[in-house]
Amino acid sequence: MSARWMLDLTFRSEKLGIFIATFSNIILLGMLTFKATNSYGAYRHLMFAYTIIEMIYSVLSFMAGMVAHSTDKAFVVFSLYYGYVKRSIAPLFLVDFCGIYFTLLLLLVVHFIYRFFVVCDFKKLEYFKGYYLFFWVFGSVICGFSNALLKFFMFPQNERLSNELSNDFMTYYNLTMDQVVYNGPNYYSCDKSGKCERPLGDWITMIYLSSGLVSSLFIMCYCGYRSTTQLNKRHPNGSVRTNELQKQLMTALIIQSVIPIVFMYIPIILLFVTPMFRVGFGPYVNIAMATLAIYPPIDQFAIIYVIKDFRTAVKGGHPKVSYLQLRDFRFLQL
């Protein structure tokens, strides 16, 4: 049964994602440039870096045209091959998106660590000043693309996996293996008699990448939970503006925790892990790829909404509450 419409769904999501993300990123960059004062401190610079990475993310998502397929033995990300470059290096255009994906997740975790320090351990904000901030951002980029290169070298196209996928690709997408380039692990390599082996390199690499995703999710949830718990405490000496800021920050943390978990973490963790347990979703795994494509604009509009300075500015008003007031709240903790 043909499922070519799943590929069309993903391609359209990527086009929609870059179109809306361009608009939302321009708005957010404008807010950061003209509405975010120096009182935002390192948060402003961190948001600049995060917004630029999200712009690159949307561009690479669109350029790669990446879709996916999973079976009960393997999963691959693939794109149509037009012969513009050598087949051996064409998968680099797939893994560069993987690199920016990992980078974006790491920067997201850095965001939550920063907010955790702001609310729960203000003295450690020294680690986000000057060169420290550069190392947080640059380190995320290096780690993200290192993981992508690891994926490129560990999961090259091979004849056995191509033969196993060829029937599915023809059935679901009406494509031959010569029309695509792919990259992905083969968890179970089976011969004609049905005897299967577990390629050690594929398993070690994917356990490492999956563990990294789960660890980053744990750090994000831990920092979000601790920060939200602290923000939810009532302080009798707090001003009205401080209490308003507490509510604003708590709402921001909740929203910006739920969005990446739903649109970034859950889809990819399922894509990585389910074939390990001999569960494959075939072409329907492209629902996960579609959610990845539309994540940036949803995230950016959420940021604009939850930060009152930005929301007020978009409505044409004058900001009344800024992160400068966070000092009032921090001193209540000391």
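**Stop one: the cysteines**

Select Cys190 and Cys196: they form a disulfide (a pair of cysteine sulfur atoms within 2.5 Å), and their sulfur atoms sit 1.8 Å apart. You're looking at a predicted model, where local features need pLDDT of at least 70, side-chain atom pairs count only at pLDDT 80 or more, and totals for chains, interfaces and linings use all residues. Residues are numbered from 1 along each chain as its sequence is written, and side-chain values use heavy atoms, with hydrogens and water left out.

Searching the whole structure turns up one disulfide. Which hand does it have? The torsion about the S-S bond of Cys190 and Cys196 is about 100 degrees, so the disulfide is right-handed.

Now check how covered these residues are, using relative accessible area: buried is under 20%, exposed is over 50%, and partly exposed is in between (1.4 Å probe, protein chains only). Cys190 is buried at 13%, while Cys196 is partly exposed at 31%.

Next, click Cys120. Why is there no bond here? Its closest cysteine sulfur, in Cys223, is 8.4 Å away, which is too far. Cys221 is in no disulfide either, with the sulfur of Cys223, the nearest one, 9.6 Å away.

**Stop two: two positive phi values**

Most residues other than glycine have a negative phi. Select Asn174, though, and you'll find a positive phi near 55 degrees. Asn174 is in the loop between helix 5 (159–173) and strand 3 (180–183); helices (H or I, at least four residues) and strands (E, at least two) are DSSP runs, numbered from the N terminus. With 57% relative accessibility, Asn174 is exposed.

Then hop to Arg278, where phi is positive too, near 60 degrees. Arg278 lies in the loop between helix 7 (240–273) and helix 8 (286–306).

**Stop three: a cavity**

Time to go inside. On a 1 Å grid over the protein atoms alone, a cavity is a set of points where a 1.4 Å probe fits but cannot get out, and lining residues have an atom within 4 Å of a point. Grid points are joined across faces, edges and corners, and a volume is the space filled by probe spheres set on the points.

The largest cavity holds about 120 Å³ of space. Of its 13 lining residues, select the ones closest to its centre: Met66, Cys98, Tyr101, Ile268 and Phe272. Which element gives the largest share of the lining? Helix 3 does, with four residues.

Conventions. On a 1 Å grid over the protein atoms alone, a cavity is a set of points where a 1.4 Å probe fits but cannot get out, and a pocket is an open set with protein on both sides within 12 Å along at least five of seven lines; lining residues have an atom within 4 Å of a point.
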